[in-house]
Amino acid sequence: MSDCCPGSKTMDFSEKDEQGDDETGARQSQLKQWPIQLHLVSPQAPYFQEKDILLAADCVPFTLADFHKDHLKGKSLAIGCPKLDSDQEVYVDKIAALIDDSKINTLTVMIMQVPCCMGLSQIAKSGAEKATRKIPVKQVVVGVEGGKVLSEEWL
Amino acid sequence: MENILNTDIRAVIDQCPEVGRILEEYGIGCAPCSVGSCLVSDVVGIHGLDPQTEATLMYKIEKVVYPDRDVPEPKVDLSKIVPKEINYSPAVKNLVDEHVLIKRLLALIPTITDFVEKSETVDKDLVMSCIDFIRGYADKFHHMKEEDILFKYVDEQSEIIKIMYEDHVTGRNHVKNVVEGAENGNKAQIKEHLHGYRDLLTQHIKKEDEILYPWIERQMSDQQIGELFQRCSAADASVGEELPKKYEKFIIELEEKFAKEN
């Protein structure tokens with residue numbers, strides 16, 4: 001039984017067996033842009049033009065060991081936290097501008113399996129509804145423990 | 001109950017602290033959260049509780065929030081729980097939705113052929129209006145998006161795609177025969193081939209919805225899903241909004257006509 005909000009509950013996974021400490025060599029980053037924070041990016045930036053966009057909750061990349069290879073590769077990135085970030089109406093406008101002005105191809109929103117993270121999906125949906133153009137929007141939910149993708153669905 | 005579902009969890013717990021205790025009982029620890037902006041529906045939904053557990057939890061919450069209300073005990077018929085729906089991308093979802101209108105015509109076919117059989121002479125306008133739907137909506141509007149766009153994303157030589165193409169050709173042959181029957185006033189020919197079309201398309205649509213479309217989508221990248229959506233949207237725009245509306249109106253009128261006849 002939990003004793004606090006799953007979004008801020010203290011959990012320690014360090015005793016788990018599969019630590020993957022036999023990995024060798026350097027992995028290549030799949031990040032092809034800067035900045036990445038949603039307040040800092042310009043929706044008209046060249047790296048967004050007609051691209052597939054990944055909107056990830058701040059915690060997601062730390063949870064998935066293969067985030068770069070499996071999720072970021074081939075996409076442009078924006079990150080944000082629906083629980084702690086301020087002025088989130090700006091986020092909605094930026095998503096709408098990405099769709100209408102930069103003519104992005106798809107939007108994938110990746111969130112953690114905590115209720116507060118659903119807010120980021122809501123931001124993505126609101127932005128998509130506000131936009132004149134229509135594009136496919138996908139939601140990917142990541143488990144807090146074990147770093148696994150729990151569900152993927154087109155909204 | 002709808003009100004609670006769309007309320008911030010903090011507001012609900014502030015109004016009724018017992019809700020926090022109930023959530024805790026189910027492993028949902030919202031009570032100590034200082035933000036509490038999650039909606040109750042999200043808080044419950046994301047935990048993926050089984051239907052019985054979720055219904056019991058909501059029942060307990062409703063009981064404490066509305067103590068004066070006569071809240072019925074939750075009864076979930078486990079035998080009626082359907083497996084999770086297939087999640088199609090938007091472009092493919094549109095194709096699945098188009099199947100629904102086609103299936104409404106298929107459902108009317110036995111009634112239509114009965115009517116034709118019982119009529120003194122063949123109602124050629126009725127038969128040809130159904131053929132116009134099949135040709136204009138099912139074949140030109142719908143099947144062409146499959147053949148010209150969707151099927152191009154997979155190996156068109158694969159067995160399942162070949163079967164789909166064969167079904168489209170067989171369907172067109174049935175249509176040709178129905179037209180011939182209408183021209184010659186041949187009721188048996190009309191019946192045989194409208195029923196043939198119905199049987200073929202019923203199976204064809206089932207195969208596409210449950211097997212083919214999910215199979216194709218599993219092979220597509222997000223980039224291709226986005227491209228598919230734009231190409232299908234452009235194809236829809238090229239025929240205009242009026243065409244699907246015209247055929248939906250036709251089906252509604254046909255359903256009404258035969259509802260009155262019966």
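Biologist: Which residues are buried in α6(B)?

Modeller: This is a predicted model. In soluble globular proteins, nonpolar side chains tend to be buried together. In helix α6 of chain B, the buried residues include Val92(B), Ile102(B), Leu105(B), Leu106(B), Ile112(B) and Val116(B), and also Glu98(B) and Thr113(B).

Biologist: Where does α6(B) bend?

Modeller: The bend, about 40 degrees, is at Ile109(B), and the proline Pro110(B) follows within four residues.

Biologist: Which residues touch the most other members of the largest nonpolar core?

Modeller: Leu55(A), Leu107(A), Ile111(A) and Ala124(A) do so, in a core of 64 residues. Domain 1 (2-80) and domain 2 (90-261) of chain B both contribute residues to this core, so it lies between them. A second, separate core has 21 residues, among them Leu106(B), Cys130(B), Leu201(B) and Tyr247(B). The centres of the two domains of chain B, taken over C-alpha atoms, are separated by 45 Å.

Biologist: How many residues of chain A are in contact with chain B?

Modeller: In chain A, 24 residues are in contact with 24 residues of chain B. On the side of chain A that touches chain B, β3 (106-112) and β5 (149-154) are the elements giving two or more residues. The residues of that side comprise 10 nonpolar, seven polar and seven charged.

Key
Residues numbered from 1 in each chain as written. Chains lettered and ligands numbered in written order. Predicted model: local features only at pLDDT ≥ 70, side-chain atom pairs only at ≥ 80, totals over all residues. Core = buried A, V, L, I, M, F, W, Y, C linked by C-beta atoms within 7 Å. Buried ≥ 20, exposed ≤ 12 C-beta atoms within 10 Å, placed from the backbone. Domains from an automatic or database assignment. Contact = placed C-beta atoms within 7 Å. Nonpolar A, V, L, I, M, F, W, Y, C, P; charged D, E, K, R; others polar. Bend = angle between axes of the 7 residues up to and from the residue.
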